[in-house]
Amino acid sequence: MEVRSNMQAVEAKSILIPNKYPAGWFGTKYTMNLYRGCDIQCIYCDSRSERYGIDEFHNVTVKTNALELLRKELAAKRSKESTIGTGSMSDPYTLMERKLLMTRRALQMIAEFRFPVHITTKSNLILRDSDILQQLSTKYASVAVTITTANEELARKLEPHAASSSERFRTLAELEKLGVMTTMLMMPILPYLEDHLDNINELVERAAAAGVKHIIAAFGVTLRDRQRAYFYQKLDEGFPGLSDRYRRTFGLAYECKSKNEKELELRFREACSLHGISTEMPYYQPPAADSFQLSLFDDEECSYG
């Protein structure tokens, strides 16, 4: 592909990476990341952690041979029943996607080979690809949209270049109309910022109004090494004094759970039950099994930052 002068580029060795714990995240057997780094710039993103080796996470790098590799790897798979997931390390609808169309072309290819797919995003740009999502849905297409606050001003501080919360709710509603399996990811619910009952109630109410069938929630955030340092820096800029409160409460803990976790979890489940919303994770099962099933999170480590 053509590389623009202001674009960082790299050649990948592989594009479909096996997922060690597929049952834990929407049943995805393979993870696909076409971009390295993410310019959505959520202040809590776990992908800044040292373990992922992305030194300049804010500078998006394009894997220039990704689509060529994807076609080869899809063609080589004997089974077409393994779910391909995208959005775990970089939003597939990162700002650069508007011009490059990498995600769109990858989804076209996945539809061509008839693999099930799961997409996680905070962007309404996914609606651009409604035609492909409808095609994918003839096999299986699942989309999870992250929304952790209905407060637009707070959302802009936490997720500077994501679609607004209102736009994301509209996106979920449109996807539901298309027949796409939709889930709202209500994570991370940040301690001292989002962990109050009014926020949880409003999120579930608006999800129900959008026709959402599944919500997965986590009442806290995971923090480590340079991700923690970046998060605290942004708290100092936008919420003076709050990073000190985090330090006093959580120290160097990886899991930073809300002190209101039990109360919030109870209210969340009550609200979802009232609206007929599942709190379990949907995933694809091959036709030989009982069609589609629901899976709970497994007990392996998962980050919700």
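Predicted model: local features only at pLDDT ≥ 70, side-chain atom pairs only at ≥ 80, totals over all residues.

Visitor: Okay, how many helices and strands are in the chain?

Guide: The chain has 10 helices and 14 strands. Those are DSSP runs numbered from the N terminus: helices are H or I with at least four residues, strands are E with at least two.

Visitor: And how does the radius of gyration compare with the globule rule?

Guide: The radius of gyration is 19 Å, close to the 19 Å that the rule gives for 305 residues, so the chain is as compact as a globular protein of that length. The radius is taken over C-alpha atoms, and the rule is 2.2 Å times the number of residues to the power 0.38. Along the principal axes, the C-alpha atoms fill a box of roughly 50 × 45 × 35 Å.

Visitor: What share of the residues is buried?

Guide: Buried residues are 54% of the 305. The accessible surface of the chain is about 13,700 Å², and carbon and sulfur atoms hold 48% of that. Those areas come from the Shrake-Rupley method with a 1.4 Å probe; for residues, only the protein chains shown count as cover.

Visitor: What about contacts between residues 24 or more positions apart?

Guide: They account for 78% of the chain's contacts with a separation of 6 or more. Contact here means heavy atoms within 4.5 Å.

Visitor: Switching to charges: how far apart are the mean positions of the positive and negative ones?

Guide: They are 4 Å apart, for 40 positive and 41 negative charges. Lys and Arg count as positive, Asp and Glu as negative, while His and the chain ends are not counted. Each charge is placed at NZ of Lys, CZ of Arg, CG of Asp or CD of Glu.

Visitor: Back to Leu101. What's its phi?

Guide: Leu101 has a positive phi of about 60 degrees, although it is not a glycine. It lies in the loop between helix H2 (97-100) and helix H3 (102-113). Arg114 also has a positive phi, near 60 degrees. Arg114 sits in the loop between H3 and strand S7 (117-121), and it is partly exposed at 40% relative accessible area.

Visitor: Where's the cis peptide bond involving Pro188?

Guide: It runs from Met187 to Pro188, with omega near 0 degrees. Pro188 is in the loop between strand S9 (181-186) and helix H7 (197-209). Met187 turns up again as one of the contacts of Thr146.

Visitor: So is Thr146 buried or exposed?

Guide: Buried, with a relative accessible area of 5%. Thr146 is in strand S8 (residues 141-146). Leaving aside neighbours within four places in sequence, its contacts include Tyr44, Lys122, Arg168 and Leu185.

Visitor: Which residues does Ala163 contact?

Guide: With the neighbours within four places left out, Ala163 contacts Lys122, Ser123, Asn124 and Arg168. Lys122 and Arg168 are among the contacts of Thr146 too. Ala163 lies in the loop between helix H5 (152-158) and helix H6 (165-178) and counts as buried at 9% relative accessibility.

Visitor: How many disulfides does a search of the whole structure find?

Guide: It finds 0. A disulfide is taken as a pair of cysteine sulfur atoms within 2.5 Å.

Visitor: Last one: is Lys72 buried or exposed?

Guide: Exposed, with a relative accessible area of 54%. Lys72 is in helix H1 (residues 66-76). Between Lys72 and Arg51 there are 28 Å, C-alpha to C-alpha, and they are 21 residues apart in sequence.

Methods:
Residues numbered from 1 in each chain as written. Heavy atoms only, no water. Buried < 20%, exposed > 50% of the residue type's maximum accessible area, 1.4 Å probe, protein only.
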